[in-house]
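Hi everyone, thanks for coming along. Today I'd like to walk you through one structure, step by step.

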Number of protein chains: 2
Amino acid sequence: MSFEPTDIQDLARGAALLGAGGGGDPYLGSLLLEAAVAEHGAPRLINVESLADDDLLIPVAMMGAPTVLLEKFPNGGEGKRVLARLEDRIGRRATAIMAAEIGGGNALIPLMLGAQLGLPVVDGDGMGRAFPELHMVTFNIFDVSISPMAMTDEHGNVVSIDGVGGEHVERLARHVIMGMGGSGMIALYPMNGVQARQATVRGTISMAMEIGAALRNAREAGLDPFEALSDYLRSTPYYQHCHALCTGKIVDLQRETRAGFAVGRAIIETHGRSSSTTKIEFQNEHLAAWTDGRLRASVPDLICVLDQETAEPITTEALKYGQRVHVMAIGAPPILRETRSLAVLGPQAFGYEHDFQEIEQLNQ
Amino acid sequence: MSFEPTDIQDLARGAALLGAGGGGDPYLGSLLLEAAVAEHGAPRLINVESLADDDLLIPVAMMGAPTVLLEKFPNGGEGKRVLARLEDRIGRRATAIMAAEIGGGNALIPLMLGAQLGLPVVDGDGMGRAFPELHMVTFNIFDVSISPMAMTDEHGNVVSIDGVGGEHVERLARHVIMGMGGSGMIALYPMNGVQARQATVRGTISMAMEIGAALRNAREAGLDPFEALSDYLRSTPYYQHCHALCTGKIVDLQRETRAGFAVGRAIIETHGRSSSTTKIEFQNEHLAAWTDGRLRASVPDLICVLDQETAEPITTEALKYGQRVHVMAIGAPPILRETRSLAVLGPQAFGYEHDFQEIEQLNQ
């Protein structure tokens with residue numbers, strides 16, 4: 001797999017789409033990755049199947065409200081520092097690293113670090129999208145322990161946490177992130193090859209890059225980018241269900257940074273043959289969408305807001321009043337729709353009362 | 001030195017006085033210490049002079065708003081756990097432990113731990129009183145690094161911090177404490193014997209116990225406890241300056257838990273030959289006192305509120321509307337009045353504009 005600037009831009013665009021509005025701005029991550037590749041050469045991408053049983057695989061990510069991530073550009077040393085701390089804590093060096101979430105900038109951070117440190121990067125992640133809380137990953141769902149975990153900020157402060165459970169660690173880490181000014185780099189869920197093969201959503205780095213390439217190729221050829229995107233998604237093993245929810249204008253937008261999250265909602269009005277109103281609620285990522293009061297999609301299925309002209313994915317922090325957008329729903333990878341997964345990242349995990357319904361049922 | 005229940009009660013009472021309103025409720029600490037002594041025997045108290053140059057001395061304390069400490073009784077395992085984590089981080093076992101602050105319950109916690117673990121406890125602390133923030137100690141003033149530090153809660157979660165400076169660590173630890181529900185046990189400022197001899201306020205465990213004994217003996221003999229207290233303090237090397245500020249009734253009390261601190265003020269009215277109003281402001285500890293608008297005392301000198309009848313010290317969280325109290329000011333140990341110390345724990349470190357003035361000047 002190649003990591004030319006065009007590939008990195010493709011990956012960033014695909015990661016922004018799979019971020020479902022969250023995961024941090026992939027543009028920052030793409031700059032970091034381009035710089036790392038220019039200095040150290042391309043990272044080596046490997047399949048999770050190629051890991052030895054006793055390999056040590058460590059997922060890494062940025063944590064924090066994306067609104068703050070926009071203002072706090074990582075200086076590049078954080079990843080190395082946070083990985084070193086977790087390795088010290090475990091008493092072993094990592095043999096590979098991985099993305100915790102493919103969505104947003106967190107798709108690119110591990111590749112940057114892999115290039116810098118010469119460590120292979122597993123082609124996969126822990127959700128096939130982005131989610132706002134640390135325990136909302138397949139690693140947790142398949143019983144990989146979140147701790148020991150390590151965190152660092154741009155000043156060089158390092159914190160490590162050994163928690164008695166995922167929710168304890170999430171709460172403590174969220175407080176630490178606030179103490180770090182709203183964002184930081186983390187390394188967590190250290191696992192061996194056996195655990196990794198059970199708990200990884202596979203191939204998502206490649207798929208994100210191909211999503212970006214499909215959009216770019218359609219634009220360059222003057223074709224409809226939404227059609228190209230749908231065509232590509234239908235060819236994948238994970239994302240074959242996708243539905244247009246609406247095309248319209250953002251007429252109301254509420255967004256605030258609360259307890260370390262970007263929380264809010266957007267209202268999109270459609271005019272035309274039949275006018276309608278679509279509401280989207282988000283907590284870093286889009287959580288649920290309703291049209292004229294009827295549920296259209298909700299977590300763990302992906303709700304993606306794209307620019308109406310260019311099909312460029314728009315993160316929740318980049319939503320603007322008056323923006324003309326196209327909203328798509330994409331079915332989550334099947335592993336996220338299993339009962340054990342829905343308990344951790346389904347609608348009720350976010351405080352909604354409704355049961356999860358697949359987008360292909362809701363939008364027949 | 002003996003640790004019979006009477007001695008422990010004396011120590012708790014003396015520590016409450018030196019807490020200057022803060023440091024946590026010593027009653028909880030005294031119960032923990034009594035239980036530890038009953039099970040393991042008395043802790044061994046040593047002088048800082050007896051440490052070898054390469055000994056590893058680790059101060060331990062409870063951290064958090066005292067209002068919360070009242071509700072979250074430590075279960076006894078925290079001290080062992082937090083010390084073990086810091087030892088793991090350093091790669092050496094502690095050869096002795098010490099109080100970070102002699103004020104309040106934090107005078108008793110290290111003795112409990114010393115009894116449990118069979119570790120000697122240095123007779124001394126890092127301030128000769130209590131202060132609300134982690135960098136407000138002689139250890140910091142004499143260039144001992146605050147980190148690595150470790151923290152734990154009653155659930156078993158453990159966090160360690162390596163900060164790039166005292167204020168970074170204070171901010172991160174304060175956020176962690178909030179994530180721990182408002183209080184936790186900490187181990188920090190690991191130091192060798194050479195550093196300890198430079199940075200320790202000596203003999204404060206013994207002095208606190210003698211303060212408590214002086215009050216108890218006076219009560220038992222039917223003598224004036226305030227006079228007995230003043231007589232004893234004047235015989236010590238550190239606390240020979242003490243002044244009565246007022247005797248009266250609390251007519252106004254504001255107190256809230258904010259950002260992990262108990263913050264507020266009390267107004268005391270005196271009636272008699274000449275009526276007057278004394279205002280005391282506090283942040284966990286009493287910070288400054290004014291009578292009819294005139295400054296009477298401020299940090300680092302100690303402001304102590306005692307029950308008007310029994311001379312029992314009253315912590316800021318136990319202040320009540322209508323309480324009849326006697327307010328005393330006690331000069332801080334000379335090391336705290338040095339210029340380098342005042343920069344860290346003088347009035348301006350707490351946001352006041354006035355320069356530090358010694359109580360013996362203010363109350364001539």
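Before we start, one term: two strands pair if DSSP finds at least two bridges between them. Keep in mind too that this is a predicted model.

Let's begin inside chain A. If you want a place to look, find A:Leu57, which stands opposite A:Ala96 in β3(A).

Now stay with β3(A). In a regular strand the side chains alternate between the two faces of the sheet. Are the faces of β3(A) covered or open? Both are covered: A:Ala96 and A:Met98 are buried on one side, and A:Ile97 and A:Ala99 are buried on the other.

Next, the place where the chains meet. The contact draws 18 residues from chain A and 18 residues from chain B. On the chain A side, β7 (158-162) and α7 (166-179) each supply at least two residues, and α7(A) gives the most, with eight. Sorted by class, this side of chain A has seven nonpolar, eight polar and three charged residues.

The strands join across the contact as well. β7(A) and β7(B) run antiparallel, with five bridges between them.

Finally, how do the two copies relate? Chain A superposes on chain B by a rotation of 180° with 0.0 Å of shift along the axis, at an RMSD of 0.0 Å. That is the relation of a two-fold axis. And because 100% of the interface residues of chain A are also interface residues in chain B, the copies meet through the same surface.

How values were computed:
Residues numbered from 1 in each chain as written. Chains lettered and ligands numbered in written order. Predicted model: local features only at pLDDT ≥ 70, side-chain atom pairs only at ≥ 80, totals over all residues. Contact = placed C-beta atoms within 7 Å. Helix = DSSP H or I, 4+ residues; strand = E, 2+ residues; numbered from the N terminus. Nonpolar A, V, L, I, M, F, W, Y, C, P; charged D, E, K, R; others polar. Buried ≥ 20, exposed ≤ 12 C-beta atoms within 10 Å, placed from the backbone. Least-squares fit on C-alpha atoms with pLDDT ≥ 70 in both.
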